[in-house]
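Biologist: I am new to this model. Please take the sheet and what surrounds it, and go through that part closely.

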Amino acid sequence: MSERKFEITDKTIVVLDLMYGEKIRKKIPQLRELIKLIYEIGSDYIEITEDLYKEICPLPEKIKLKINNKLTEITGNHNICENISKESLYINNNESIRIVGLDDIIFYDYEKIFYNIKKIFGSDIDMCIKNEYGSATAMSLEWIRSGGEKIVTTFAGIGGYAPLEGVLCSIGFLEKVTIRGNYVLFPQVLKVFEEITENQIKSNMPFIGKDIFNVESGIHVNGIVKNPSTYEPYDPGKIGRIRKIIIGKHSGVSALEIKLKELNIEYKYSNLSNMLEEVRKISTQKRRGLENQEIKEIYMKCSNLS
């Protein structure tokens, strides 16, 4: 996969339409922005329904759209090739073919299955792997490695598909393939996506979760300060995030020192043990890490006691 020879179609808009219907039609400006951002982070094509296309247009000319009624979908699992052939489908030459499913393919000889799929349909078939077993990203990459040319995704994996951001980052950070797309825009995409769905994704979701670069454990903080690659597989700035040191019940003196320096607080080392004890007590009571202002207040309290 040293050179890019594949394309990504994102069907987030189609899934949103299926899940939310008329509700999202009240949010046409946000949908336009989402389409623009999904293209800018790296999707080659944006799939859309014909009805929504009429409502959302015009869009910037550079954005390539696919109308989803011009394809034939084949749904199946690992044995999809056993009783099917391209000829048996009577597919119109103007239509694309898409395989949807293959959730369980990770439990079988997926290289052989992909080989048989390409033998029947060719390598340019749309591959839309679902994510029941949490392996859609990995299997989408295996499809590309096997010579597959097209994969289908959704942002945040909505609808149970391979997550766009996971595929993009796996290609970029693991495979080291340079593709068109600005990952720094991930937080903006997430913001618009959550405005449309009126739901927040899990804060620890890979690549787009708000808290994925939060670190609390003392040994982790020390390691990251000395050498970020110890615990971080890529620079947070590459996906528009910053590292955040959390002070809480798992923190140690070293982490507390680092946080106080970050807050430009001049401290006495002799005060840190008492302060850490207070930090752990309050953090346990609140069942969360402490905010910067709370840390400052604890410092002042412990300083006055010394």
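Modeller: What follows goes through the sheet first, then the parts around it.

Residues are numbered from 1 along each chain as its sequence is written, and side-chain values use heavy atoms, with hydrogens and water left out. The model is predicted, so local features need pLDDT of at least 70 and side-chain atom pairs count only at pLDDT 80 or more, while totals for chains, interfaces and linings use all residues.

The sheet is open and has 7 strands, in the order β3-β2-β1-β7-β6-β5-β4, with parallel pairing. Strands (E, at least two residues) and helices (H or I, at least four) are DSSP runs numbered from the N terminus, and two strands pair if DSSP finds at least two bridges between them. At the edges are β3 (64-67) and β4 (71-76), each of which pairs on one side only.

Strand β2, residues 45-48, pairs with β3 in the parallel sense over 4 bridges. Glu47 has Lys66 of β3 as its bridge partner. Lys66 also lies over the face of Tyr45, at 4.6 Å from the ring centre; a charge counts as over a ring if NZ of Lys or CZ of Arg is within 6 Å of the ring centre and within 35 degrees of the ring normal. The loop between α3 and β3 holds Pro58, and the peptide bond from Cys57 to Pro58 is cis, with omega near 5°.

Asp126 of β6 is the bridge partner of Arg98. In β6, residues 126-129, Asp126 and Cys128 point one way and Met127 and Ile129 the other way, and all are buried (under 20% relative accessible area; exposed is over 50% and partly exposed lies in between, with a 1.4 Å probe and protein chains only).

Helix α1 comes next. Of its 9 residues (12-20), 7 are buried, so this helix is largely enclosed by the rest of the structure. The buried ones are Thr12, Ile13, Val14, Val15, Leu16, Asp17 and Tyr20. They pack against sheet strands, including β1 (7-10), β2 and β7 (150-153), and against helices, among them α2 (28-41), α3 (50-56) and α7; contact here means heavy atoms within 4.5 Å. Gly21 follows α1 and has a positive phi, near 55°.

Most residues other than glycine have a negative phi, and most peptide bonds are trans. Ala156 has a positive phi near 60° although it is not glycine. This residue lies in the loop between β7 and α6 (164-174) and is buried, with a relative accessible area of 13%. Elsewhere, Lys130 lies over the face of Tyr161, at 4.7 Å from the ring centre.

A search of the whole structure finds 9 aromatic pairs. Rings of Phe, Tyr and Trp (its six-membered ring) pair if their centres lie within 6.5 Å, and planes under 30 degrees apart count as stacked, over 60 as edge-to-face and the rest as tilted. Phe213 and Tyr234 form an edge-to-face pair, 5.6 Å centre to centre with 85° between the planes. Phe213 is in the loop between α7 (186-197) and β8 (214-215), and Tyr234 in the loop between α8 (218-226) and β9 (244-245), so their pair ties together parts 21 residues apart in sequence. Both Phe213 and Tyr234 are buried.
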